[in-house]
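This briefing goes through one protein model by topic. Please have the sequence and the structure open while reading.

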Amino acid sequence: TVALLMSGEGSNAAAILADPELQELYDITTIVTDNAASNARNLAADYDIESLTYHVPSLENMASRTEYFKDIEQVLAIRGVEAIFYAGFMKIATPA
């Protein structure tokens with residue numbers, strides 16, 4: 001299963017979710033956003049998938065960045081997510 005990471009209006013996520021070829025290839029189950037004001041909830045509702053918000057005010061150092069992404073990774077692993085697609089997500093991930 002796959003999760004999408006997005007930050008804003010979700011035009012990239014919407015294009016991925018609407019693409020019939022991608023729907024055949026991937027089981028997209030979750031949208032994760034770092035922005036509570038993003039369009040993630042609406043997109044998730046439109047496609048009957050889960051939406052999660054993980055806002056962090058600042059990732060000033062590598063330790064806080066690593067912790068942020070470990071938290072996301074753990075929550076998604078519990079849901080059986082095996083891959084993550086960036087779809088306009090505005091944070092750079094740390095290595096696992």
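Accessible areas here come from the Shrake-Rupley method with a 1.4 Å probe. On that basis the protein exposes about 5800 Å², and carbon and sulfur atoms supply 52% of that area. The model is a predicted one. The protein has 96 residues, of which 34% count as buried.

**Overall layout**

- The protein contains four helices and four strands.
- Their order along the sequence is β-α-α-β-α-β-α-β.
- Among contacts between residues at least 6 apart in sequence, 63% join residues at least 24 apart.

**Strand pairing**

- S1 and S2 run parallel and are joined by five bridges; in this pairing Leu4 stands opposite Ile31 of S2.
- S1 also runs parallel to S4, with four bridges between them, and here Ala3 is placed opposite Ile84 of S4.
- Strand S2, residues 28-33, pairs with strand S3, residues 50-53, in the parallel sense over four bridges.
- Thr30 has Glu50 in S3 as its bridge partner.
- Between S2 and S3 the chain passes through helix H3 (residues 40-46), and this β-α-β crossover is right-handed.

**Strand S1 and its cover**

- Five of the five residues of S1 are buried.
- Both faces of S1 are covered: Val2, Leu4 and Met6 lie on one side, while Ala3 and Leu5 lie on the other.

**Nonpolar cores**

- In soluble globular proteins, nonpolar side chains tend to be buried together.
- The largest nonpolar core in this model has 13 residues. Leu4, Leu17, Ile28 and Ile31 have the most contacts inside it.
- Strand S1 (2-6), helix H1 (11-18), S2 and H3 each supply at least two residues of this core.
- Apart from this core lies another, of eleven residues, among them Ala3, Val32, Leu76 and Phe89.
- Which residues does Ile28 contact, leaving aside its neighbours within four places in sequence? They are Val2, Leu4, Ile16, Leu17 and Ile49.

**Salt bridge**

- Side chains of opposite charge can pair when their charged atoms come close.
- How many salt bridges does a search of the whole structure find? The search finds one.
- The salt bridge joins the side chains of Glu50 and Arg79, with an N to O distance of 2.7 Å.
- The pair links distant parts of the chain, 29 residues apart: Glu50 is in strand S3, and Arg79 is in the loop between helix H4 (62-78) and strand S4 (83-86).
- Glu50 counts as partly exposed because its relative accessibility is 30%, which falls between the 20% limit for buried and the 50% limit for exposed.
- Arg79, at 34% relative accessibility, also counts as partly exposed.

- Asp34 is located in the loop between S2 and H3, and Asp48 in the loop between H3 and S3.
- Is Asp34 buried or exposed? Asp34 has a relative accessible area of 7%, so it is buried.
- Asp48 is exposed, with a relative accessible area of 72%.
- Asp34 is 18 residues from Leu52 in sequence, and their C-alpha atoms are 8.6 Å apart in space.
- Most residues other than glycine have a negative phi.
- The phi of Asp48, however, is positive, near 55°.

- Gly8 sits in the loop between S1 and H1.
- With a relative accessibility of 29%, Gly8 counts as partly exposed.
- Gly8 and Ala40 are 32 residues apart in sequence, with 7.8 Å between their C-alpha atoms.
- Beyond neighbours within four places in sequence, Gly8 is in contact with Ser38 and Asn39.

Technical notes
Residues are numbered from 1 along each chain as its sequence is written. This is a predicted model: local features need pLDDT of at least 70, side-chain atom pairs count only at pLDDT 80 or more; totals for chains, interfaces and linings use all residues. Side-chain values use heavy atoms; hydrogens and water are left out. Buried means under 20% relative accessible area, exposed over 50%, partly exposed in between (1.4 Å probe, protein chains only). Contact means heavy atoms within 4.5 Å. Two strands pair if DSSP finds at least two bridges between them. A crossover is right-handed if, with the strands pointing away from the viewer, the path from the first strand over the helix to the second runs clockwise. A salt bridge is a side-chain nitrogen of Lys or Arg within 4 Å of a carboxyl oxygen of Asp or Glu. A nonpolar core is a set of buried Ala, Val, Leu, Ile, Met, Phe, Trp, Tyr and Cys residues joined through side-chain atoms within 4.5 Å.
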